[in-house]
Amino acid sequence: MKKTKVKFIWNDEYVGERLCWYPEEEGNRIKPFSDKYWSKIEILSSNRLKEIQWNKFKKVIEIAYNKSGFYKRKWSKAGITPYDIKAWDDLEKIPVVTKEDFENNQREYPPYGDAFTIPTNEQMKYWQTSGTTSKPRIWCETKEDWENGVYNLVRCFYGYGIRPGWRGFISFSYPPFMAFWHCHYAAEMLGCQVVPKGPLSTLAWINIIKNLALSSVPSFMASTPTYAIRMIEIANSEKIDVKELGIKKIVLGGEPGASIPATKRFIENNFEAEVFDLMGCTETGGPIMFSCKEQALNRYPSLHIVSDQYLVEVVDPYTFNRKEGDIKEGVTVITSLGNRTGMPAIRFLVGDWIKIDERKKCVCGRNFPLAIGGVSSRFDDMIIIKGVNVYPSLIENSVRSIEKLSPEYQIRIDGSRVIILVEAKERGDKDLYLKLSKRLEEDPLIKTSLRFNINVVDPGSLPRSETKSKRIIKEL
Ligand SMILES: [Zn+2]
């Protein structure tokens with residue numbers, strides 16, 4: 001086995017043969033590189049980052065071709081081998097893969113499909129996607145993959161300003177979704193005390209945090225935007241102010257909330273905390289994009305793309321043609337660059353709508369490219385009614401900008417009719433509800449040529465969720 005100069009979290013005896021290629025600039029993964037950056041990688045030049053991407057990309061496509069039935073068949077059908085990929089311009093020869101491809105593959109070769117490169121029973125982790133938009137898919141990770149994901153997230157946490165000795169409240173019930181498990185172990189590796197929520201009720205959870213706030217240890221919380229809002233609601237109903245919980249930083253993932261200004265502001269103001277975005281996806285592994293401490297100060301924070309670990313391409317949503325140039329806008333196709341070798345995702349259509357500006361530099365000094373304004377919508381979520389595109393995130397932003405409405409909402413689509421259900425914060429009469437619906441209807445952000453039917457309902461009428469919310473209901 002080729003020796004690297006990288007000091008890993010776990011030793012080789014535990015992890016086994018490392019399949020990924022590691023740049024020596026990673027140095028010691030266990031310790032911070034400086035007061036500001038966990039790893040030197042974060043401040044490497046763009047050219048060096050591109051070189052690292054290329055080395056890893058070549059390695060991962062070779063592994064996949066030689067060991068994964070799924071990729072071998074797909075690429076053979078397209079008439080290519082990894083050896084035909086000689087420069088970035090050749091990338092388009094590799095077919096884009098979709099959720100449906102993996103779904104069909106798992107149906108054909110149950111239960112895991114055959115995208116894996118190492119027998120699934122020899123892999124350490126079992127995950128399922130949350131199934132927000134389709135049937136849950138199974139995913140596995142080797143010990144090496146798992147370590148890479150945790151290391152990747154430690155860098156983000158450090159970039160948020162979380163430090164050893166802090167306390168981390170991990171607000172999830174520990175289902176087989178990957179993201180918050182990563183938060184748990186990354187916090188642990190960083191040297192934080194981890195407090196897991198598990199199956200506790202929201203009120204019991206709030207009381208634990210409130211009690212621990214007495215010791216005034218700096219603390220952070222990881223949660224979905226939906227759950228942070230749920231905590232505010234439950235606390236209010238018990239006359240507890242969530243500011244008393246003493247949470248200084250909140251890491252939001254699983255939904256686009258931290259990139260939607262009104263949602264971000266609502267959570268920031270209630271908790272009196274800084275709010276950070278973390279964007280990942282089960283198929284590709286750990287965090288792909290994050291907002292650094294400096295970006296989180298902005299109303300529309302941009303996200304850093306973790307470019308040594310992921311290749312994020314921007315493509316046309318219909319043709320999948322790659323967008324070129326310094327500024328690119330379209331949907332994301334993502335490759336895990338060897339940080340996920342057990343079940344690799346290669347040119348996987350994640351489908352988030354994104355704008356990358358390679359010329360923009362962040363004041364934090366990181367050279368990871370910026371996704372301008374973050375990720376606020378997934379292309380799949382876009383509603384097209386009578387040729388007009390409607391993004392649910394815009395509706396969310398408008399709803400949450402109105403003081404007298406609760407943050408809950410639901411969008412029901414019935415043929416060409418769009419009904420937006422919103423809740424009054426306090427019970428009122430018909431006149432008040434009419435006034436509120438008019439106010440929302442006239443919001444310039446959602447004013448399109450479409451007429452929405454807006455229905456204001458009594459407080460507490462809409463369903464609540466403890467993880468992600470199902471906001472769009474298509475009625476047949
Ligand atoms: Zn930055």
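Predicted model: local features only at pLDDT ≥ 70, side-chain atom pairs only at ≥ 80, totals over all residues.
Two strands pair if DSSP finds at least two bridges between them.

View 1. Strand 3 (residues 167-170) runs parallel to strand 4, and 4 bridges join the two. R167 stands opposite Q193 in strand 4. The sheet is open, with mixed pairing and the strand order 4-3-5-6-7-8-9-13-12-11-10. Its edge strands are strand 4 (193-196) and strand 10 (310-315), each of which pairs on one side only. Helix 7 (residues 202-212) lies across strand 3, strand 4 and strand 6 (247-252), and runs at about 175 degrees to strand 3.

**View 2. Strand 1 and strand 2.** Strand 1 (residues 125-128) and strand 2 run antiparallel and are joined by 4 bridges. C140 in strand 2 is the bridge partner of Y126. In a regular strand the side chains alternate between the two faces of the sheet. In strand 2 (residues 138-141), I138 and C140 point one way, while W139 and E141 point the other way. All of these residues of strand 2 are buried.

**View 3. Buried and exposed residues of helix 4.** Helix 4 (residues 99-108) has K99, F102, E103, N105 and Q106 as its buried residues. They cover an arc of only 165 degrees around the axis, and therefore lie on the same side of helix 4. R107 and E108 are exposed on the other side of helix 4. The contacts of the buried residues are with helix 3 (69-77), strand 2 and strand 12 (348-357).

View 4. The model holds 24 aromatic pairs. One of them is the edge-to-face pair of W146 and Y185, with 5.5 Å centre to centre and 80 degrees between the planes. This pair links distant parts of the chain, since W146 belongs to helix 5 (residues 143-160) and Y185 to helix 6 (residues 178-190), 39 residues apart. W146 counts as buried because its relative accessibility is 2%; Y185, at 29%, counts as partly exposed. F172 and W181 form an edge-to-face pair with 6.1 Å centre to centre and 80 degrees between the planes. F172 is buried at 5% relative accessibility, and W181 is partly exposed with a relative accessible area of 21%. Elsewhere, ring pairs link Y65, F70, Y71, W75, F102, W139 and F348 into a cluster.

**View 5. Lysines over tyrosine rings.** K72 lies over the face of Y65, at 4.6 Å from the ring centre. K143 has its charged end over the ring of Y14, 4.8 Å from the centre of that ring.

View 6. Strand 17 (residues 417-424) pairs with strand 18 in the parallel sense over 5 bridges, and I419 stands opposite N453 in strand 18.

Note on methods:
Residues numbered from 1 in each chain as written. Heavy atoms only, no water. Buried < 20%, exposed > 50% of the residue type's maximum accessible area, 1.4 Å probe, protein only. Phe/Tyr/Trp six-rings, centres within 6.5 Å; stacked < 30°, edge-to-face > 60°. Lys NZ or Arg CZ within 6 Å of the ring centre and 35° of its normal. Contact = heavy atoms within 4.5 Å. Axes fitted to C-alpha atoms, helices over the stretch in contact; angles between N-to-C directions. Arc of directions from axis to C-beta.
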